[in-house]
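Please look over the sequence and the structure shown below before reading on.

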Amino acid sequence: MAKSKKTPVDRRNFLKGAVGGAAALAVDTGAAEAQRAEPARSAATPLMAKESDPGPLSKAEVLTEGRSGSDYMVDVLQSLGFEYVCANPGSSFRALHESLINYGGNKPELITCCHEESSVAMAHGYSKIEGKPACVFAHGTVGLQHASMAIYNAFCDRAPVYMIIGNTIDATMRRPGAEWDHSVQDAVAMVRDFVKWDDLPISLAHFGESAVRAYKIAMTAPTLPVVVVADSELQERPVPEGERLRVPKLTLTAPPQGDSGAVAEAARLLVGAESPVLIADRAARTPAGLKLLIELAETLQASVVNQMGRMNFPTRHPLNQTERSRAAIANADVILGLEVADFWGAVNSMRDQLHRTSRLIAKPDAKLITITAGDLFTKSNYQDFQRYPEVDVAIAADAEATLASLIEACKRLITSDRKRAFEERGRKLAELHQEALDKARTEATYGWDASPISTARLYTELWAQIQGQDWSLVSDAAFSSGWPLRLWNFDKHYQYIGGSGGAGIGYGAPAAVGAALANRKHGRLSVNVQNDGDLMYAPGILWTAAHHRIPLLSLMHNNRAYHMEMMHLQRMANRHQRGIDRTGIGVTLNDPNIDYAQIGRGMGVHAEGPIADPKDLGPAIGRALAVVRSGEPALIDVVTQPR
Amino acid sequence: MRFSILFAMASALLAQAPGSAPKAGAAPSGNAQNGKKLFVRDGCYQCHGLQGQGGAAGPRIGPRPIAFAAFTMYVRQPSGQMPPYTSKVVSDQELADIHAFLASLPQPPPVKSIPALNQ
């Protein structure tokens, strides 16, 4: 790091003063340089005592500063339009923290998190509602280590999380002890495999450019996490006099659209198809994507299978065939995957038996088309790119940005004959959709009065009280049999945000709180069905929700186990033909049962439960909703069936 | 912690559910009370729910289970994702008890009687 000028306001001197005691006075610059040039001294040498020698008492040491580098950093962050900074406090970014709250007037607003994993997962959840990143501050060492799994989730989920991490690069500037432990040569090395870009700026101007560049990169499809290191010396030293710092202009990159020839070929296949299926996973990045997918589906009267990585398509749309996805895919002659993370898995099945076998579900001669920005950005180490899909047309582009031209290309090819065939197909699909919905509703009645409470009943009781309001489900339905997606009427983009991405557990609670934070200013009612194992990773997020008055209704899906793992264990015991009754060991969360209501109350959250009788659930939801409507979080511990 | 997602499997699995032919011979009479215990002890509930109501991890298998011969055949030699239960770990009599338990489960209320399921 360039630091040629040693001025009396040098942090080195400030620190010496702080450590050395009362005699904190200016040090002769030349002497300091000479000390630095000395060969390594023995550990016994009283370094501080020697360096603290005040020297000639010519004038009082300058101990304060006007404008620090961190003030400029806040200028940059404000220019990027962040609403929130989620952070667990850390000394390596203390100057930035102070600049944010005092110089920046706490804009973006600091959200106090109790774990860096929570900070990142909050930002992750927020980004999926708001369509832009929240900022996260963390230590470059211990903080980033805590944050790493959550970053990986965001990476797999194509979510733009923006991180600033503190670090002290200059070894001679580190306080002995913790500051050394909290310093690292290459902080981002630990997570570089699963961030899109990172930088270590060595000047403030460099910080400005890299911070703006990082935002632009994070927001370019595929949207992904980025990390910028804020060196503590850069933060804490004054902005050098006369240095003209400006905040670089941000221009977001227009997302990449599909090649026109390939789009025309895709349109030709789709229009000519008898049974086309559109599979959408993270296709609708924004509400516009939802509208465009509806338009494409209606133009073609094609089946839509929604993998629900995002809210891509209304659950009650007659062309929605998600409930009968297997049959729809098996019957298709053309399949289009839109930002499908695992296209191979969408058209193949694999058996988890002793001998793992797989088979193609799609017809062998079905034409397969993919449009994904995933093809524009692949890393090697972590395997989130999934198995290699053999397809006929692969379009490396952002699906949402490509849909408009694909729709136009389809419309140009549709003759009146095709149109009649499409209408007929649409009628049949509408019938199949209704049949599937009726069947799902019937299935939901089985175990209706069971205690523990069935997940279908839980979601139905919730639906009874939120429908008709402006709600947003901020949790993933994968662990509760997908019931809300089967039963509820989702038709707005913010009503569902998909899952964790990397299946790293601990995402659920903080992502829900982050999404609820984003929903707050829109006045939406955020609801979260909260898995018990997930909450136990970092339950402090409940306090964050209470402290920041984030309205969110959480219903525990408390099956008192890491249930997924229990099923895996059962599979192994059965395979080995032994101890099939012992698979609770190491996976159950009982004896003692965890009292989530008490945990919630301990964190300042309105909480009730445990509720195991389904008749008690509706009234409890009513009481909790009243609390949430008043602007506070509430939690109900619901003892549930496993799935 | 890591897990593999079974979401959306139930409908998929039903599509490839076994069409195994029932074996000849009558089912041993089962004890539903004991079957209820075994259903938990042996882990059936993990995937099928405590009332066999089904979900993403396994289909509904009550209150009218498939005929006992087909039931046994499937549990012993599943053709899909379900883990096999050999006679080494579950006896035929125990399966009969489980079958009796599933057959004893109450019929669910009609959809029409639950307003939120009609909205």
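**From a buried tyrosine to the interface**

Tyr126(A) is buried, its relative accessible area being 1%, where buried stands for under 20% relative accessible area, exposed for over 50% and partly exposed for what lies in between (1.4 Å probe, protein chains only). This is a predicted model, in which local features need pLDDT of at least 70 and side-chain atom pairs count only at pLDDT 80 or more, while totals for chains, interfaces and linings use all residues. Residues are numbered from 1 along each chain as its sequence is written, chains are lettered from A and ligands numbered from 1 in the order in which they are written, and side-chain values use heavy atoms, with hydrogens and water left out.

Tyr126(A) belongs to helix α6 (residues 116-130) of chain A; helices (H or I, at least four residues) and strands (E, at least two) are DSSP runs, numbered from the N terminus. Once its neighbours within four places in sequence are left aside, the residues in contact with Tyr126(A) include Glu83(A), Tyr84(A), Pro133(A), Gly514(A) and Ala518(A), contact meaning heavy atoms within 4.5 Å.

Strand β9 (residues 334-338) of chain A is largely enclosed by the rest of the structure, because five of its five residues are buried. In a regular strand the side chains alternate between the two faces of the sheet. Both faces of β9(A) are covered, with Val334(A), Leu336(A) and Leu338(A) buried on one side and Ile335(A) and Gly337(A) buried on the other. Strand β7 (residues 276-280) of chain A pairs with β9(A) in the parallel sense over five bridges, where pairing requires that DSSP finds at least two bridges between two strands; Ala280(A) has Leu338(A) as its bridge partner in β9(A). Strand β12 (residues 367-372) of chain A also runs parallel to β9(A) and is joined to it by five bridges, and here Leu368(A) in β12(A) is the bridge partner of Ile335(A).

Some loops carry backbone features that deserve a careful look. Gln386(A), in the loop between β12 and β13 (393-396) of chain A, has a positive phi of about 65 degrees although it is not a glycine, and Gln386(A) is partly exposed at a relative accessible area of 39%. A cis peptide bond, with omega about 0 degrees, joins Asp591(A) and Pro592(A), and Pro592(A) sits in the loop between α22 and α23 (596-602) of chain A.

Turning to the interface, 54 residues of chain A are in contact with 48 residues of chain B. The area buried between chain A and chain B is about 4,500 Å², of which carbon and sulfur atoms give 58%; buried area is the accessible area (1.4 Å probe) that two parts lose on being put together, summed over both. In chain A, Tyr446(A), Gln577(A) and Ile580(A) lose the most area to chain B, together 14% of what that side buries.

Across this interface the rule finds one salt bridge, defined as a side-chain nitrogen of Lys or Arg within 4 Å of a carboxyl oxygen of Asp or Glu. The side chains of Arg60(B) and Glu443(A) meet in a salt bridge at 3.0 Å, N to O. On the side of chain A that touches chain B, β10 (348-351), α16 (416-445), α17 (455-466), α18 (483-487) and α22 (563-576) each supply at least two residues, and the largest share, nine residues, comes from α22(A).
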